[in-house]
Amino acid sequence: MALVGVLALQGSFNEHIAALRRLGVKGVEIRKPAQLDSVASLIIPGGESTTMAKLAEYHNLFPALREFVKMGKPVWGTCAGLIFLANKAVGQKTGGQELVGGLDCTVHRNFFGSQIQSFEGELAVPELASKEGGPETFPGVFIRAPAILEVGPEVHVLADYPVPSDVLDSNSTIESPEEKIQSEKKVIVAVRQGNLLGTAFHPELTADTRWHSYFLKMANDVAEGASTSIIAVGVDLGLNNQPRNDLPIYRSIEN
Ligand SMILES: NC(=O)CC[C@H](N)C(=O)O
């Protein structure tokens with residue numbers, strides 16, 4: 001059975017591993033380039049992208065991560081992980097940071113503001129609901145969250161979100177491409193481009209495992225081509241599984 005890697009340098013990698021476990025799938029912690037050879041797909045978690053990039057650089061992970069993406073292996077970036085996957089990031093710290101790239105989009109690193117402007121919002125998720133069942137909305141946990149400002153033609157938008165008014169006000173002096181976004185008053189918060197998935201929020205901090213099962217199915221489709229399966233036989237990826245809350249969950253869908 002093919003394994004799912006979770007980049008474990010910093011941030012919410014344990015929570016992703018716990019979410020995978022609730023679906024009956026083992027997540028493998030990845031800290032070194034050679035470990036990527038043992039996994040068929042990868043989750044890059046949220047955290048702090050500058051710190052994560054420094055650690056990735058220290059461990060010489062960037063070339064191997066880029067190769068992993070280039071080989072067409074499924075990769076899902078959440079929050080800081082989304083920033084890693086983007087071809088371009090704005091609002092970076094002085095000197096910028098290295099990116100893995102591959103996802104044809106521009107992200108704003110802290111679009112929704114500082115840590116205290118973190119929030120929860122219900123997202124309309126038509127594609128997720130049609131593939132995974134369950135409610136038409138998903139509880140988005142946005143922690144000092146990025147947003148996607150522009151996407152290329154190959155990128156499929158899976159969710160957007162209205163820009164909160166305080167964010168609109170505080171961004172009022174910045175030029176394009178934000179200006180364009182302000183007139184639309186919505187930003188993109190979830191995308192898919194081939195085998196790359198990006199979410200600006202943190203699904204691993206909720207009890208709703210549909211983004212994880214969506215990603216596992218993406219990974220499984222690729223693995224099937226290579227005649228190896230990620231999903232354990234008999235494991236149902238639907239919402240019927242009772243979540244095992246073996247790590248604290250920020251917010252459960254039941255309450
Ligand atoms: N929760 C998160 O991953 C926040 C990401 C943060 N905006 C960064 O630049 O890294």
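A residue is counted as buried when 20 or more other C-beta atoms lie within 10 Å of its own. In this predicted model, Cys 79 has 29 other C-beta atoms within 10 Å and is therefore buried. Cys 79 sits in the loop that joins strand 4 (75-78) to helix 4 (80-85). Apart from neighbours within four places in sequence, its contacts are Gly 46, Ile 143, Ala 145, Pro 146, Ala 200, Phe 201 and His 202.

Cys 79 also belongs to an annotated group. An unreviewed UniProt entry gives "active site" for Cys 79, His 202 and Glu 204. These residues span 126 residues in sequence, yet no two of their C-alpha atoms are more than 11.0 Å apart, so they gather at one spot. His 202 counts as buried because 26 other C-beta atoms lie within 10 Å. Once neighbours up to four places away in sequence are set aside, His 202 is in contact with Ser 12, Gly 46, Thr 78, Cys 79, Val 141 and Ile 143.

Around the ligand are Gly 46, Gly 47, Glu 48, Ser 49, Cys 79, Ala 80, Ile 83, Arg 109, Asn 110, Ile 143, Arg 144 and Pro 146. This shell comprises five nonpolar, four polar and three charged residues. The unreviewed UniProt entry applies "binding site" to Gly 47, Glu 48, Ser 49, Arg 109, Ile 143 and Arg 144. Although the annotated positions span 98 residues in sequence, no two of their C-alpha atoms are more than 12.5 Å apart, so they gather at one spot.

Ser 49 is part of helix 2 (residues 49-58). Ser 49 has 30 C-beta neighbours inside 10 Å and therefore counts as buried. With residues up to four places away in sequence left out, Ser 49 touches Ala 80, Ile 83, Phe 84, Gln 97 and Arg 109.

Ile 143, by contrast, is placed in the loop between strand 8 (137-142) and strand 9 (147-151). Its count of 20 other C-beta atoms within 10 Å meets the threshold of 20 or more, so Ile 143 is buried. Beyond its neighbours within four places in sequence, Ile 143 is in contact with Gly 46, Cys 79, Ser 118 and His 202.

Technical notes:
Residues numbered from 1 in each chain as written. Predicted model: local features only at pLDDT ≥ 70, side-chain atom pairs only at ≥ 80, totals over all residues. Near = placed C-beta within 6 Å. Nonpolar A, V, L, I, M, F, W, Y, C, P; charged D, E, K, R; others polar. UniProt positions renumbered as here; feature names shortened; annotations may be inferred. Helix = DSSP H or I, 4+ residues; strand = E, 2+ residues; numbered from the N terminus. Buried ≥ 20, exposed ≤ 12 C-beta atoms within 10 Å, placed from the backbone. Contact = placed C-beta atoms within 7 Å.
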